[in-house]
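Hi,

Here is the structure I promised to pass on.

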Amino acid sequence: MSGVTTPAAARAHVEATPVGPPALEVRHLTVRFPGLEADAVADASLSLSRDKVVVVGPNGSGKSTLLQAALGLVTPASGSVEVFGRDVRTARAVLGVGTNLEEVYRLMTIPVGRLLSLWEDLQGRSSDRVRAWLEEFQLSSVLSRPLFRLSTGQAKLVGDLLAVGFDPRLVLLDEPFDNVDFARRQRYLDLLARTDASVLLNTHQFDLLNAIPDWGLYLMFEGQLIGRFRAGDIDRLYVSAGELPGALTTFTTRSGPVSVSRDSGRVALRSVSDLSYLKDRIA
């Protein structure tokens, strides 16, 4: 019968429909900088396909470098990074990626209003949504000023809103809540909850995890990406020195192996407010 799809035919169509590449695929990425003994990122791997992930780690752990590599701003020593199936080392003019990374905007000495117009041309999309959000976030006054004339919190929020304002498929956020007050942070989390984009968000703030319990969770320590866990399980995760039987994962630090386990262990991960002091807490 013409025009009628049987259940079997529908299943066959679904099975035959190709699944696109991940929004972000990081494979055994290592990044090192001249003059530094340790790798900035060490053999890191992760995959994002229409999901949201938070990476928690101290300053200097490699979080920002991971995002820079995803944007092609630093060259890997080994491993690879692909965005929408394209290697970032050779890809050019890849649309659909939004970020708040300072490096992307710091050379822009034009007022924010003109910056939005420029982004319209680059993205081929209207900036009306971002302008409306600026008003909602009580930031309309920034339109006449360049980013370097804004407060740290204002500049951060402008970058945050630009990152999600042009219908991206992948959003890369570096410490989006630094110097941002609680009310605006909650508003921005609402925007992230509504976006269909894959999101990779870096932070050093463990308390943020309470607001995003369904997100994937990675820890980053000494350049290593550790996980994947679930953000809502943060209160069930423990860290211990050594290789603990039954651990979810074990990673190597400069002080020796460390295990992450569920529901038991040396120290509750939540209590390690700054992973910089991890080795001191579990010794």
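Let me start with the second largest pocket: helix 6 gives the largest share of its lining, four residues. Helices here are DSSP runs of H or I with at least four residues, strands are E runs of at least two, and both are numbered from the N terminus.

Before going on, some housekeeping: this is a predicted model, so to speak of local features I need pLDDT of at least 70, and side-chain atom pairs count only at pLDDT 80 or more, while totals for chains, interfaces and linings use all residues. Numbering runs from 1 along each chain as its sequence is written, and side-chain values use heavy atoms, with hydrogens and water left out.

Back to that pocket. It holds about 500 Å³ of space, and of its 19 lining residues the closest to the centre are Asn100, Leu101, Glu102, Ala155 and Lys156. Helix 2 (63–70), helix 3 (102–105) and helix 6 (152–164) each supply at least two lining residues. By class the lining has six nonpolar, six polar and seven charged residues. (Pocket: an open set of points on a 1 Å grid over the protein atoms alone, with protein on both sides within 12 Å along at least five of seven lines; a cavity is a set where a 1.4 Å probe fits but cannot get out; lining residues have an atom within 4 Å of a point. Volume is the space filled by probe spheres set on the points, which are joined across faces, edges and corners. Ala, Val, Leu, Ile, Met, Phe, Trp, Tyr, Cys and Pro count as nonpolar, Asp, Glu, Lys and Arg as charged, the others, Gly among them, as polar.)

Now helix 6 itself. Eleven of its 13 residues are buried, so it is largely enclosed by the rest of the structure; buried means under 20% relative accessible area (1.4 Å probe, protein chains only). The cover includes strand 6 (97–99), helix 4 (112–123) and helix 7 (182–194).

Cheers

Technical notes:
Buried means under 20% relative accessible area, exposed over 50%, partly exposed in between (1.4 Å probe, protein chains only). Contact means heavy atoms within 4.5 Å.
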